[in-house]
Amino acid sequence: MFSNNKVAYKRLNVQRIPEKSIVLKLVIPLIVAFFVIFCIIGLLSPRPSNERWYEQSKDTQLLSNDSVLIETLKHLLNCKSVDAHSRIETRGNYYVLKNFISPKRPQECHDSITYTTHGDYRFLDNVVPLLDRWQGPLSLAVYAPGEEFGIAVESLRYLIYCDRQSYLVEEYAAVHLYFDFERMPPKQIQFYSDLLQTPLNCHSDNVTSTLPSLENPSNHTYPVNVGRNIARDAARTHFILASDIELYPNPGFIEMFLQMVAQPAYRYTLDMPSVYVLPVFEVDSYSSVPEDKIELLQMLKTGEAIMFHEKICPKCHTVPNYDEWLRVVKTDRTMDILSTAKREGRFDLWEPIYVGTKREPQYQERLNWEGKFDKMTQGYIMCVLGYNFHVLDNGFLVHKPGFKNVTEAARPELERAQRNFVEEVIFEELKILYGENKHCRL
């Protein structure tokens, strides 16, 4: 089939090969040198072998122009902006001074995300560092019963007039004060409104003495879910991030998220019960809050950072596909959905913190912060309603520095009483209102 004839080849006469030109003698070594340098740089780049690195997608590049992005979101969300007028309202057993402080920056419902949160005067030192990273609208409900009302107003005055980043409060913060019917402020509300408009002499020696101590003078429980719902309902944007005031988001989150949901590949999530989950972490008291995911991953490796409540309830905050989340690193400011899960199976006691809307079930206002289990009822309802929890690959929250432990968080009597109330009373109500699902736990 094959020929056996051999072909004779002439030997190469090496004397006929011309000598290299001067140009080749110079160019070839330069090419080799550049190639070697390029390889060395590649080897030295901090890219762990187990991590997946991503570049910016074409869809995101097309939407990076702010005007195009805003118009796209305006069309997709088709939402209505709400006013920011001050008013006095009632909610259950509480008076609410809605928009006691209003932001100067106008906000349309489609052009940002509102960070909705709560606290009392002891937690207001978190407002500026939170806004410094968020750089967007904040809706803050401050619990200020009785004598604490005046202390809260003085604390807000200090933030507005004396903090070196007070412009962040003026630009972005909407503050709502609330208090029980039986714990009215000692003076008329107009007195405090006028006081808030009176500038402080920040260089006076006695300014710091007017600021409150961190000891709570009142003997009462904290109505955490009343504050959560007040802040959420007052938000002026379609998207909200309902979170705690001591949890700080990674910078650039708003832009990355809005660019993501505007992409054609993710628009389907807008048409079904969906929320977008941010993993939450803690850092030790000697560390700074990481600026981006790369820094966070390094801190996790050294032990400077851990998963949120890892020492208290690791099952409550570990996100699905967490190992995969750790391997995803991006070189640009983009975001994608890493995975989608339900609150069932291994995650039936999950307490995710997420970007959602006002359409999500409200928090149960009969529960207090000291008794814990204050978000479980909402999680159960969302499970029964079939919500999808989309885990974001380039967004996260970090608690104010300092690891949490079981001892400081334990309140056995209050926890036992609230747990019994949830199981014996609220759970029975929820089964009537929403039905049951064998995969959903409370």
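Start with the second largest pocket, whose volume is about 280 Å³. A pocket here is an open set of points on a 1 Å grid over the protein atoms alone, where a 1.4 Å probe fits, with protein on both sides within 12 Å along at least five of seven lines. Points are joined across faces, edges and corners, and the volume is the space filled by probe spheres set on them.

This is a predicted model, in which local features need pLDDT of at least 70, side-chain atom pairs count only at pLDDT 80 or more, and totals for linings use all residues. Residues are numbered from 1 along each chain as its sequence is written, and side-chain values use heavy atoms, without hydrogens and water.

Now select I70, D111, S112, I254 and L258: of the 15 lining residues, these lie nearest the centre of the second largest pocket. (Lining residues have an atom within 4 Å of a point.) Next, colour α3 (66-77) and α9 (253-262), which each give two or more residues to this lining. Helices are DSSP runs of H or I with at least four residues, and strands are E runs of at least two, numbered from the N terminus.

Move on to the largest pocket, with about 1100 Å³ of space. Which residues lie nearest its centre? Select D244, F308, H309, W369 and K404, from a lining of 39. Then show β4 (113-119), α11 (314-317) and α14 (406-409), each supplying at least two lining residues.

Finally, colour domain 1 (84-200 + 218-245) and domain 2 (253-441): both give residues to the lining of the largest pocket, so it lies between them. The domain bounds come from an automatic or database assignment.
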